[in-house]
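Hi there,

Here is the structure I promised to pass on to you. My notes on it follow just below; have a look at the model first, if you like.

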Amino acid sequence: MNIVINVNGCRDTFFGDTIWVLEPPKPSFIMAGDTACPYKPIWFRSTSKGKYRIVKYAWKFGDGLSFTDTSSLTFTKYKYNSPFNHVVTLTTTDSAGCEAQSQQSIYIADTAGPPRPKVNFITVQPDGKSIAF
């Protein structure tokens with residue numbers, strides 16, 4: 001008896017000289033846009049497929065300032081705490097034990113930014129009086 005593990009993590013046993021290489025899942029997902037604001041939920045949905053049934057979803061939302069930026073649901077949401085670019089990773093595992101990953105980038109706007117300038121207007125009337133607004 002021999003145990004074989006391929007590069008995708010699929011395991012199988014065989015007797016003799018026949019080796020079956022299993023097809024890994026094809027992970028994919030859609031998200032509600034590729035740009036968002038901090039602290040607003042963004043929805044993610046797996047559209048993964050494969051020859052074997054998908055039995056596990058592992059999301060990593062790439063929000064380095066959070067220890068809870070993961071999910072195991074097929075359809076999930078996440079609120080980013082930090083601005084700029086993040087890489088969302090979905091790892092799927094099928095019933096044969098094979099796993100594969102898919103990644104997409106999302107941009108979270110920097111809403112802090114510099115303070116807005118204050119603008120004052122003054123109108124000078126012909127009689128020399130000014131009006132500020």
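**Contacts and overall make-up**

Counting contacts (heavy atoms within 4.5 Å) in the protein between residues at least 6 apart in sequence, 51% join residues at least 24 apart. Before you read on, please note that this is a predicted model, in which local features need pLDDT of at least 70 and side-chain atom pairs count only at pLDDT 80 or more, while totals for chains, interfaces and linings use all residues. Residues are numbered from 1 along each chain as its sequence is written, and side-chain values use heavy atoms, with hydrogens and water left out.

The protein has 12 strands and 0 helices, where strands are DSSP runs of E with at least two residues, helices are runs of H or I with at least four residues, and both are numbered from the N terminus. Of its 133 residues, 29% count as buried, meaning under 20% relative accessible area with a 1.4 Å probe, protein chains only. The accessible surface is about 9400 Å², and carbon and sulfur atoms hold 57% of that; the areas come from the Shrake-Rupley method with a 1.4 Å probe.

Strand 4 (residues 35-36) runs parallel to strand 10 (residues 99-108), and 2 bridges link the pair. Here T35 lies opposite Y107, and A36 lies opposite I108.

Strand 10 also pairs with strand 9 (residues 84-94), this time in the antiparallel sense over 10 bridges. T93 is set opposite E99 of strand 10. The hairpin of these two strands has 4 residues between them, and G97 takes a positive phi near 90° there.

What is the order of the strands in the open sheet of 3 strands? The order is 3-5-8, with antiparallel pairing. Strand 3 (29-31) and strand 8 (75-79) are the edge strands, and each pairs on one side only. From one strand to the next, the twist averages 25°, with axes fitted as lines to C-alpha atoms and angles running from 0 to 180 degrees between N-to-C directions.

Within this sheet, strand 5 (residues 41-46) and strand 8 are antiparallel partners over 5 bridges. R45 has F75 in strand 8 as its bridge partner.

Best wishes

Key:
Pairing = 2+ DSSP bridges. Buried < 20%, exposed > 50% of the residue type's maximum accessible area, 1.4 Å probe, protein only.
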